[in-house]
Amino acid sequence: MTPEDEQTPETDTNETQKTQETDTEWLVDENGVRYQIYVVQPNEYLVEIAQAFYSDYSYNDVLRIAEYNDLQNISVLHTGQEIKLPEK
């Protein structure tokens, strides 16, 4: 077999993208916004999640997550609840 006969695998540009740092899947919504799904752990608050997720955290990040997930009360999360964390 000659090198010309060998085929290199093509990469699918529609594949789910992963961050290099955390190897976490990024999904894309219908508006083109990239986000990750996070599962709420016991006794977690949205502020803590935002602080951990965004390196340059501000309270606006909490509001962005709440709005993106249609959360009526940012103080009420349930263990096991899946929330979407939009990319900045």
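**Helix packing and the nonpolar core**

The axes of α1 and α2 come within 9 Å and cross at roughly 110°. Axes here are lines fitted to C-alpha atoms, for helices over the stretch in contact, and angles run from 0 to 180 degrees between N-to-C directions. Helix α1 is therefore roughly perpendicular to α2 (65 to 115 degrees; under 35 counts as roughly parallel, over 145 as roughly antiparallel, the rest as oblique). The crossing of α1 past α2 is right-handed, meaning that the near helix is turned clockwise from the far one by less than a right angle.

The model is predicted: local features need pLDDT of at least 70, side-chain atom pairs count only at pLDDT 80 or more, and totals for chains, interfaces and linings use all residues. Residues are numbered from 1 along each chain as its sequence is written, and side-chain values use heavy atoms, with hydrogens and water left out.

The chain holds two helices and four strands. These are DSSP runs numbered from the N terminus (helices H or I, at least four residues; strands E, at least two). Their order along the sequence is β-β-β-α-α-β. Of the 88 residues, 23% count as buried (under 20% relative accessible area; exposed is over 50%, partly exposed in between; 1.4 Å probe, protein chains only).

From α1, Leu 46, Val 47 and Ala 50 meet Tyr 59, Asp 61, Val 62, Ile 65 and Ala 66 of α2; contact means heavy atoms within 4.5 Å. By class, this contact has seven nonpolar, no polar and one charged residues. Ala 50 is in contact with Tyr 57, Asp 61, Val 62 and Ile 65, leaving aside neighbours within four places in sequence.

The largest nonpolar core has twelve residues, among them Val 40, Leu 46, Ala 50, Val 62, Ile 65, Leu 77 and Ile 83. Such a core is a set of buried Ala, Val, Leu, Ile, Met, Phe, Trp, Tyr and Cys residues joined through side-chain atoms within 4.5 Å. Two or more core residues come from each of α1 (46-53), α2 (59-68) and β4 (82-86).

Leu 63 lies in helix α2. Leu 63 counts as partly exposed because its relative accessibility is 40%. Its C-alpha atom is separated by 8.0 Å from that of Ile 74, eleven residues apart along the chain. Asn 69 lies in the loop between α2 and β4. At 18% relative accessibility, Asn 69 counts as buried. Asn 69 touches Ile 83 and Lys 84, not counting residues up to four places away in sequence.

Technical notes. Nonpolar A, V, L, I, M, F, W, Y, C, P; charged D, E, K, R; others polar.
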